[in-house]
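This report covers strand pairing, nonpolar cores and salt bridges in one protein model. Please read it alongside the sequence and coordinates.

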Amino acid sequence: MSRPTSRRTFRGLLLAALLTVASAACSGSDKPASAGCPKDSPSCRTGVTSAPPVGTPSAGTGEATGTPAVSSSPPSAPSPTSPAPSAKAPAPSGTSAARTGCSSPGACGFPDARTTGPRTRLTPKKTGYRTIRTDGTVIRGQDITGSLDIYANDVTIIDTKITSDSWWGINLRPGFSGLRVLHSTITAVPGTGPDNGGVDYAVSNMGGSSVEVGWCDISVFGDALSMGQGDIHDNYVHDIEPFVNLGGEWQHTNAVISGGGNTGHLSIRHNTLLNETSLKQGASGSIGLFADVGVVRNVTVENNWIAGGAYALYGGSTGATGIKVTDNIFSTEFHPASGGYGVVAHWNDKGAGNVWRNNRLSDGRLVTPEPTS
């Protein structure tokens, strides 16, 4: 079965977001923060242990400092940049191997609420919609009610919680690079967002540079991690909230979404990606690689726990090249075939450099995509 045709294109959503932000007053919010708490842990029977994370960042574990240079207008002169936090990644649990008797993704070695999110005490901060324009800004140890729109290079957001009522939690604008979002919680209050009460992107990359998102607890947003290129690793994406968008249709939801046309590499490694949205309420994929704005190319999907969506994975369709899908567990916790209609759709088995290897359902059965017609 093909991808639902009522899903608005990736480009259309971004244009709507820009128009709304331009017209909105940039003020703080009086709404209380909400954690978007995960539901009961899903179950599994077979899994893989954690692989070493790619591009391991660093992060200190001291008290919250709240020392970023953040402004709603360009500064008159550059301010000194904050040093990147030092950090140590969690030790990998070993090489990939089958495990039995798992009661949850975490028991199988995949990320969950215990291994993601902030590691330090947080300081409440109501910002509303806020722009960041200072290169090297570090936001650390803050419990933010609002959203961050980034017009700067080498910004780090670490050990922080963001509760958004905007189109996004964090957005990187075109022409800027070096964004890192680490050990943070990004969520929203259902029914308070601008898209007819919904919220669209937890982390949005509107440019052509890579964005790193690691060890984050992400919930509620319809298309949680939205980017063509980046390093997405060790995250827990869950409890996506369905909503009817401004177009009067159920917003199609994805834990990770790429609209194609990317010039860099997208790496999706060792995440728990859950999309339990029902088929009647707009479920699309847990990972959606769509050729909405151009050809999909150079994507690695490796060692993830994936469940839900119409199909659990949309593979890029005709013309997709360099797509490597290896060593993933497609869990059956929401649907017998992982996705409502199956594991994978639009897989281009004839594409140069496309690899499908050792992907299994959570009962251990190997999964093979249907050949391209």
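Buried means under 20% relative accessible area, exposed over 50%, and partly exposed in between, with a 1.4 Å probe and protein chains only. Helices (H or I, at least four residues) and strands (E, at least two) are DSSP runs, numbered from the N terminus.

Strand 5 and strand 8 run parallel and are joined by 3 bridges; two strands pair if DSSP finds at least two bridges between them. Asn171 in strand 8 is the bridge partner of Asp149. Strand 8 is also joined to strand 11 (residues 201-205), again in parallel, by 4 bridges, and Trp168 stands opposite Tyr201 of strand 11.

## Basis of the model

The model is predicted: local features need pLDDT of at least 70 and side-chain atom pairs count only at pLDDT 80 or more, while totals for chains, interfaces and linings use all residues. Residues are numbered from 1 along each chain as its sequence is written, and side-chain values use heavy atoms, with hydrogens and water left out.

The protein has 1 helix and 28 strands. Of its 373 residues, 55% count as buried.

## Nonpolar cores

A nonpolar core is a set of buried Ala, Val, Leu, Ile, Met, Phe, Trp, Tyr and Cys residues joined through side-chain atoms within 4.5 Å. The largest one has 53 residues, and those touching the most other members include Ile150, Ile170 and Trp356. Strand 5 (residues 142-150) gives the most to this core, with 3 residues. A second, separate core of 7 residues includes Cys108, Trp305, Ala307 and Ile329.

## Salt bridges

A salt bridge is a side-chain nitrogen of Lys or Arg within 4 Å of a carboxyl oxygen of Asp or Glu; the whole structure holds 6. One of them joins Arg173 to Asp149, with the closest N and O atoms 2.8 Å apart. Arg173 lies in the loop between strand 8 and strand 9 (180-182) and Asp149 in strand 5, so the pair ties together parts 24 residues apart in sequence. Arg173 is buried at 8% relative accessibility, as is Asp149 at 0%.

Glu212 and Arg180 form another salt bridge (3.5 Å, N to O). Glu212 is in strand 12 (residues 211-214) and Arg180 in strand 9, 32 residues apart, and both are buried.
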